[in-house]
Amino acid sequence: PLTLLAVSTPDAQSSQWSVERPAGPAWASVHPESAAGVADGEVSRLVSAVGSMDVRVRHDPSMRKDVVHMAKGGQLRDGRCTNVLVRAVETDLGGGAAYYDQGVRLEPTR
């Protein structure tokens, strides 16, 4: 499994976009060896124990092989909300959301 790392970007904070909402599936960056045979730029399914979503895969050889990186943000109605992949779990320190403890995997859609 890969660890989902969904982080804020200059363009988006949570579901609030400072620019026009992008069309199509959200981008997910992975090391090429961790792409489960999915080609660079191809649409795939990102799956966790609690949900799944379509993503467009970006190969990035600088990525760790155990991580998939996505921009945080995006609306559920657009199919771009990574929260559908994350279990509702509270951290043991601080009572926050344990967003970076979710295992995911890529599944080819072909």
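Modeller: Helices (H or I, at least four residues) and strands (E, at least two) are DSSP runs, numbered from the N terminus. This is a predicted model in which local features need pLDDT of at least 70 and side-chain atom pairs count only at pLDDT 80 or more, while totals for chains, interfaces and linings use all residues. Residues are numbered from 1 along each chain as its sequence is written, and side-chain values use heavy atoms, with hydrogens and water left out.

Colleague: What percentage of the contacts with a separation of 6 or more is between residues 24 or more positions apart?

Modeller: Contact here means heavy atoms within 4.5 Å. Among the contacts in the chain with a separation of 6 or more, the share from residues 24 or more positions apart is 74%.

Colleague: Is Ser-29 buried or exposed?

Modeller: Ser-29 is found in strand 4, residues 26-30, and four of the five residues of that strand are buried. Buried means under 20% relative accessible area, exposed over 50%, and partly exposed in between, with a 1.4 Å probe and protein chains only. Because its relative accessibility is 7%, Ser-29 counts as buried.

Colleague: Which residues does Ser-29 contact, leaving aside its neighbours within four places in sequence?

Modeller: Ser-29 sits in strand 4, which is joined to strand 6 (residues 52-59) by five bridges, the two strands running parallel; two strands pair if DSSP finds at least two bridges between them. In that pairing, Ala-28 stands opposite Val-57 in strand 6. With neighbours within four places set aside, the contacts of Ser-29 are Arg-58, Met-63, Val-67, Val-68 and His-69.

Colleague: Which residues of the largest nonpolar core touch the most other members?

Modeller: A nonpolar core is a set of buried Ala, Val, Leu, Ile, Met, Phe, Trp, Tyr and Cys residues joined through side-chain atoms within 4.5 Å. Of the 17 residues in the largest such core, those touching the most other members are Leu-4, Val-30, Leu-46, Met-53, Val-55, Val-68 and Met-70. At least two residues of this core come from each of strand 1 (2-7), strand 4, strand 6, strand 7 and strand 8.

Colleague: Why does Thr-82 count as buried?

Modeller: Thr-82 is found in the loop between strand 7 (67-71) and strand 8 (103-108). Not counting residues up to four places away in sequence, Thr-82 touches Leu-4, Ala-6, Met-53 and Met-70. Thr-82 counts as buried because its relative accessibility is 5%.

Colleague: What separates the C-alpha atoms of Ala-98 and Val-86?

Modeller: Ala-98, also in the loop between strand 7 and strand 8, counts as buried because its relative accessibility is 10%. Apart from residues up to four places away in sequence, Ala-98 touches Val-86, Val-89 and Thr-91. Ala-98 and Val-86 are 12 residues apart along the chain, and their C-alpha atoms are separated by 8.4 Å.

Colleague: Is Leu-5 buried or partly exposed?

Modeller: Leu-5 lies in strand 1. Because its relative accessibility is 31%, Leu-5 counts as partly exposed.
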